[in-house]
Amino acid sequence: YTIGGLFMFLDNKYTTVYNNIIARARTRLLEGYSETHHIIPKSMGGSNKADNLVKLTSREHYICHALLVRMVESRNHLYKMMSAFNMMFMDAYGKRYTSRLYEYNKHK
């Protein structure tokens, strides 16, 4: 992915997994609870346009944010992705979530 000709995501296994999750999500219809995910995060220049949004399960959303931390190239983007993931990773009391616990808490 590029914005203004600049590469934003590293070419690594995490980017491949991320792209596979996004591709699968674009071709299916989710029934029940879902979360809207910005494919290119707003903090990295992504928009709210339909082609940059995808519906994910809560677990997929958590996993995508964990992957984004390992995909970004610049230090500035890394801090932004870590901050976004930490909001999902830890609750207000400091309890840490796995993707399954995050999903469980979203479905209570």
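Which residues do ring pairs link into a cluster?

Modeller: The ring pairs join Tyr 62, Phe 85, Phe 89 and Tyr 102 into a cluster. First, some ground rules. This is a predicted model, in which local features need pLDDT of at least 70 and side-chain atom pairs count only at pLDDT 80 or more, while totals for chains, interfaces and linings use all residues. Residues are numbered from 1 along each chain as its sequence is written, and side-chain values use heavy atoms, with hydrogens and water left out.

Rings of Phe, Tyr and Trp (its six-membered ring) pair if their centres lie within 6.5 Å; planes under 30 degrees apart are called stacked, over 60 edge-to-face, and the rest tilted. By this rule there are four aromatic pairs. One of them, Tyr 62 with Tyr 102, is tilted, with 5.6 Å from centre to centre and 40 degrees between the planes. Tyr 62 belongs to helix 2 and Tyr 102 to helix 4, so the pair ties together parts that are 40 residues apart in sequence. Helices here are DSSP runs of H or I with at least four residues, numbered from the N terminus. Both Tyr 62 and Tyr 102 are buried, meaning under 20% relative accessible area (1.4 Å probe, protein chains only).

Now the helices themselves. The axes of helix 2 (residues 58-71) and helix 4 (residues 99-106) come within 8 Å and cross at roughly 140 degrees. Axes are lines fitted to C-alpha atoms, for helices over the stretch in contact, and angles run from 0 to 180 degrees between N-to-C directions. That makes helix 2 oblique to helix 4; angles under 35 degrees count as roughly parallel, over 145 as roughly antiparallel, 65 to 115 as roughly perpendicular and the rest as oblique. The residues in this contact (heavy atoms within 4.5 Å) include Tyr 62 and Ile 63 of helix 2 and Tyr 102 and Glu 103 of helix 4. By class, the contact of helix 2 with helix 4 has three nonpolar, three polar and four charged residues. Ala, Val, Leu, Ile, Met, Phe, Trp, Tyr, Cys and Pro count as nonpolar, Asp, Glu, Lys and Arg as charged, and the others, Gly among them, as polar.

Helix 2 also packs with helix 3 (residues 75-89), at about 150 degrees and with the axes 8 Å apart. Helix 2 and helix 3 are therefore roughly antiparallel. Among the residues that meet are Tyr 62 in helix 2 and Phe 85 and Phe 89 in helix 3. The contact of helix 2 with helix 3 has eleven nonpolar, two polar and no charged residues.

Terms used. Helices (H or I, at least four residues) and strands (E, at least two) are DSSP runs, numbered from the N terminus. Buried means under 20% relative accessible area, exposed over 50%, partly exposed in between (1.4 Å probe, protein chains only).
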